[in-house]
Amino acid sequence: MKKSDEPVVIDTSQVQGVLLSGHGKLNDARFILLRIDEPLAAKKWLADVRPEITNGHHRPEDEAVQIAFTYAALVELGVPRQTRAGFSVEFEEGMTAPHRSFMLGDSRESAPENWEWGGPKNEPVHILLMLYGKGPTELEALVQRHRKLATDGGLSVVIERETHTLFDGIGYREHFGFRDGVAQPRMDAVPSHELAHRRGAMREDAHGNTIKAGELLLGYENEYGHYPVSPAAGIDESRSLPEKTYGRGGFDLGKNGTYLVYRQLEQDVYGFWKALHDKVGGDSKDRDYVAAKMVGRWPSGAPLVKAPDHDTPGMELDDSFSYISDPKTADPHGEKCPFGSHIRRSNPRDSILSPDVDRAIQLSKRHRMVRRARPYGLPVDEKFRSEEVIEKGSDGASRGLNFICFNASIARQFEFVQHTWCNSPKFAELHNDPDPLIGEQTRLDPKGGDFTIPGQPVRRRVTELQRFVTTKGGAYFFMPSLAAIEYIAKVRDMTPLQKHVAFFDTDNDGIISIGDTYRGHRRLGISQFYSALFSMIINFALFFQTKGKFMQIKVENIAMGKHAFDTGIFDDDGMLDEKVFDELFSTATGASGEPSDEDVITRPEMNAFVTAGGDRGRPNPGGLPHWFSQRETELIFCLASDAKATVDGKDEPAITRRTLKDFYRGDLFPKIERLLAYKRVGGFGL
Amino acid sequence: MAETQGALAVVARLKHGYSFSELKKLLRAVPFSAMSTVHYARFVVLQGDSDVGIERDSLVLSTNFDLPRDEHLTELREEGGAALDAVLAFCEDYPSRGTADAKAFERFVEKNAKPYGAFHIAKRFYSVQEILRERDLRAAIEQHLDEDGPWEGRDVHAEVRKFVASRGDLKWAVDEPPPTPRPEWLEEHYQQEKKANVRKWGLIGAFVVFGLGYLRFLEWGDKRKYEKKETYENDWRRRRLELGRRRLFAREETHLVANPLTDLSIMRPGKFRQVILGGVFKIIDDAANFVFYKGDLGGIPSIHFARWVPVDDSKRLLFMSNYDGSWESYLGDFVDQQSAGLTAVWSNTEDFPPTRFLTRDGASNEQAFKRWARDQQIRTDVWYAAYPDLTVQNVIANALIRRGVYELDADLVEKWQRLL
């Protein structure tokens, strides 16, 4: 148990910088979405680009480069499926699965079929490369260099998204004209480079804005006191990943990485203001008032609970408020900041979730995320005046927000907030009130949603609202740590030998205990007695050769455990040398002519095959090892015999060339298991 | 005031070699919407599981209905008619004349009806018909408020009452007293009930303390078993299954407001577990009856009806619930608000995450519990909701609005106006 005053330390040299700071000083940015054409070249590219990736150690002054991967990218790059199984289900399914579109409100014009990128009709998106520059020229140079690197590196550009900040001298705005990105949670962790100046843990602030690091990063404890499920690698060729210290073992691929949600949200600024203008009967003051009620802040950023009646300067970046516990800002009935307003429903703080203030804060902390959104397109009016917007009319230009957020659980954080709080017309005991800004208004009533402004003597209601924010693209990404990038750049598909033994390593921790071997044999349909016997023999024979602990085989080092049975037909990389295999097979069986898949080998011939040794094989040492290899031959024949051969007039079990090749490629055991599962038969006689 | 709502779960064994695809087509044809007493209804097929000695499949017909039970059964029989016959004919021992033979039909239902272990009702005293017309009442009042504003300085309550009285289709709200008891009465009534039950709980509590030592021993063993199985957790084979299941259920969970959840778990072996579960059910059922009568169940405000029903000679445990919102939010509420109670129930079933002293750990282990819950989930083949656009909180608010229209104490006027 960790002492409470001992700070949680985050290794900022491993975390990608954009998680810790939005690179606000770097005004211009380009988000490049890439597709992998040639995985091998792409890995080389990744290794080359890795030193340029910005970590969280310093705030970059001139440029920054960040990178994230979709699930499909990890498949393309050859991350083994055992390892991929540790990623979250929603990340694997992606943002466009039909039930997900329902949750997120991506229907009608927001439906993935109509997207510009990321949808089922668009090119697949694999990698998100985020490039930030101090100014347009610096960015352009950076973009050109990286575009060339990528296209030379086996990748092609799917789409490039231009972005910038809408800085008004105080902070950042979005296109409707409101302050954006003010409320960000803090992590209760100390960045490693600040460790020297700090004593004790991070202190909880007054408004419950400090959350556990495991809500935002994999590899740390979350608000439930558990570690988020994190993918583990059994083998790490790059030798850069840390060992997993919790859950099942292996190397922690997730640590210091997190999930990135990217949604391109197009904003119809004129439509929004005009519709509101008409709804309030053309009263411009009332229109701005209702709009502020919808947001929960005035355009300047002043929160409504502190400035309920009119915009007040000096509170632009004010985020230190609560809805219930602080008597100065208390608003239990939503008469200052309506329950249905965007900021109250996407972060209810100490209200709504529970009548008990502390409990409500505790619950709301489980649904926070860090947002790093950036607008695109030019503002309609530089000073964000609504009357100017209405006067100018629709200009048809494309503008909106590149919504980006980070969270350790997409389902519990981003999707939950979007679905259960923002899109739900029933939030906070309301009846038909989706989020007035981003919610899907037609969810319950095709005529549109309502917005209720509580007041005395009775509420005021704006009805039949439409949505002026359209989803134009999006995907779920994994933003790896710098070590994990190195791992991905070096990851290889497993060698046949590794595949062969990985069959036994179901928990994917890179170690095969005697229990793993036993269960593996049982899955092949071998009886308990023989499974126990074989697992003892195998683990004993291999544990010291693979430098494992007593009776534990290390998958990584399995190549060191080559024994007579390998017959030298694996090349130095551990891949099957098919030519040597065919030669040996033909020699052992005495077959001549073209090798055919249907050639068979019998047991005595198999022993000859094994002892022949091949080019690089060692001579048969005889004695005990020889006896073992003969037993192994028997085992293979019991499991995989799929043909008969006539020897001296008797039928003898035999194995076809195809099956034996499968065995040497490492594909045989999974095949047998599938066959067994399919037939539900009980074993092969052993 | 007596109970006002009941639950029916007919679990009938399906005939040997029945065709599931045929059955499925017929299930949809049963006209629940014609039955005025039905809040929620569902058909679920429980597949046999030879590992625990259940060879045959069963069909579950489950309804949440307005009492009296006889009337509901009559309506089920009369309105269900030929469509219901066609479905139940797949079951063993279904009377040949079906719904036409009232006696035989009722005998069949009563023979196969399984009692619940624990049952939660969010909106007791609210019948389907009242819920529906209170919904219309609220909508009309809201519209009037929108059209007749602004309201500054006006007596909202008096004017709304006048408006309702002036409308022929809404006049009932002024004339008829609401069937729901006054909130103060509820408070008093359940305080008494609670007292009457304290002694019983004391006995159960004593037994639980007595059994804890043995229970801890069992839990220790179960934990080891769980950890052994957990070896396969990060396994891509399991992952593929999980993805498939998620897609399957996700299609059912795209209802706008309320959604169904059906879980089927295998009971852990041993009489001891059965006894524990019996005690836990008793406590939860009493708590649901006498403590959580205001709409929430232990802080979860979104459950219309939920119940556990032991099936297959208590070899398996069926959980059926109608909840508002998403699966993720519902399960999140389980973890955040009620992990102890749920752990006490489900820790008696297989593969549940490890527990300590019956109520600790278990469901509070968010990721493990959610994964387990998905594993237990089965298809809800047909689901019917009488008011699919209303949450529990909406129904309660609508009823309070109606009560306020009928009669309203002066000190409650402000509170009533906030409901609008």
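Predicted model: local features only at pLDDT ≥ 70, side-chain atom pairs only at ≥ 80, totals over all residues.
A residue is called buried here if 20 or more other C-beta atoms lie within 10 Å of its own.

I begin with helix α14 of chain A. Its buried residues are Leu482(A), Ala483(A), Ala484(A), Ile485(A), Glu486(A), Tyr487(A), Ile488(A) and Ala489(A). That is eight of the nine residues of α14(A), and the helix is therefore described as mostly covered. What covers these buried residues? Among the covering elements are α2 (39-49), β3 (63-69) and β9 (232-233), which belong to chain A.

In soluble globular proteins, nonpolar side chains tend to be buried together. The largest nonpolar core in this model has 158 residues, and Leu128(A) and Phe477(A) have the most contacts inside it. Which element gives the most to this core? Helix α14 of chain A, residues 482-490, does so, with seven residues. As for Leu128(A), if we set aside its neighbours within four places in sequence, its contacts are Phe31(A), Leu33(A), Ile67(A), Ala68(A), Tyr262(A) and Phe477(A). There is a second, separate core of 91 residues, and it includes Tyr40(B), Leu277(B), Val395(B) and Ile396(B).

Let me stay with chain A and turn to strand β14, residues 400-407. Is this strand enclosed or exposed? Eight of its eight residues are buried, so β14(A) is largely enclosed by the rest of the structure. Several strands pair with it. Strand β11 of chain A, residues 258-267, is antiparallel to β14(A) and is joined to it by eight bridges; here Arg263(A) stands opposite Phe403(A). Strand β12 of chain A, residues 370-371, pairs with β14(A) through two bridges, also in the antiparallel sense, and the partner of Arg371(A) is Cys405(A).

I now move to chain B. Its secondary structure consists of 14 helices and ten strands. The C-alpha trace of this chain spans about 70 × 50 × 45 Å along its principal axes. A compact globule of 420 residues would have a radius of gyration near 22 Å, and chain B, at 23 Å, agrees with that. Of these 420 residues, 40% count as buried. If we take the contacts in chain B between residues at least 6 apart in sequence, 77% join residues that are at least 24 apart.

Chain B contains an open sheet of four strands, in the order β1-β3-β2-β10, with antiparallel pairing. Which strands lie at the edges? They are β1 (5-13) and β10 (382-385) of chain B, each of which pairs on one side only. From one strand to the next, the twist averages 10°. Within this chain, eight bridges join β2 (38-46) to β3 (58-66), and the bridge partner of Val38(B) in β3(B) is Phe65(B).

How do the two chains meet? In chain B, 40 residues are in contact with 39 residues of chain A. On the chain B side, the elements that give two or more residues are α4 (128-148), α8 (236-252), α10 (327-337), α12 (366-376), α13 (392-406) and α14 (413-419). Of these, α8(B) gives the most, with seven residues. By type, the residues on this side of chain B divide into eleven nonpolar, 14 polar and 15 charged.

I close with some features of the backbone. Most residues other than glycine have a negative phi, and most peptide bonds are trans. Where are the exceptions? The bond from Gln456(A) to Pro457(A) is cis, with omega near 0°, and Pro457(A) lies in the loop between β15 (449-453) and β16 (460-465) of chain A. Another cis peptide bond joins Leu67(B) and Pro68(B), with omega about 5°; Pro68(B) is in the loop between β3 and α2 (69-88) of chain B.

Two residues with positive phi complete the list. Arg108(A) has a phi of about 50° although it is not a glycine, and it lies in the loop between α6 (98-104) and β4 (127-133) of chain A. Asn256(A), also not a glycine, has a phi of about 70° and sits in the loop between β10 (251-252) and β11 of chain A. Are these residues buried or exposed? Arg108(A) counts as exposed because it has 11 C-beta neighbours inside 10 Å, whereas Asn256(A) has 27 other C-beta atoms within 10 Å and is therefore buried.

Terms used: Residues numbered from 1 in each chain as written. Chains lettered and ligands numbered in written order. Rg over C-alpha atoms; globule rule 2.2 N^0.38 Å. Buried ≥ 20, exposed ≤ 12 C-beta atoms within 10 Å, placed from the backbone. Contact = placed C-beta atoms within 7 Å. Core = buried A, V, L, I, M, F, W, Y, C linked by C-beta atoms within 7 Å. Nonpolar A, V, L, I, M, F, W, Y, C, P; charged D, E, K, R; others polar. Pairing = 2+ DSSP bridges. Axes fitted to C-alpha atoms, helices over the stretch in contact; angles between N-to-C directions.
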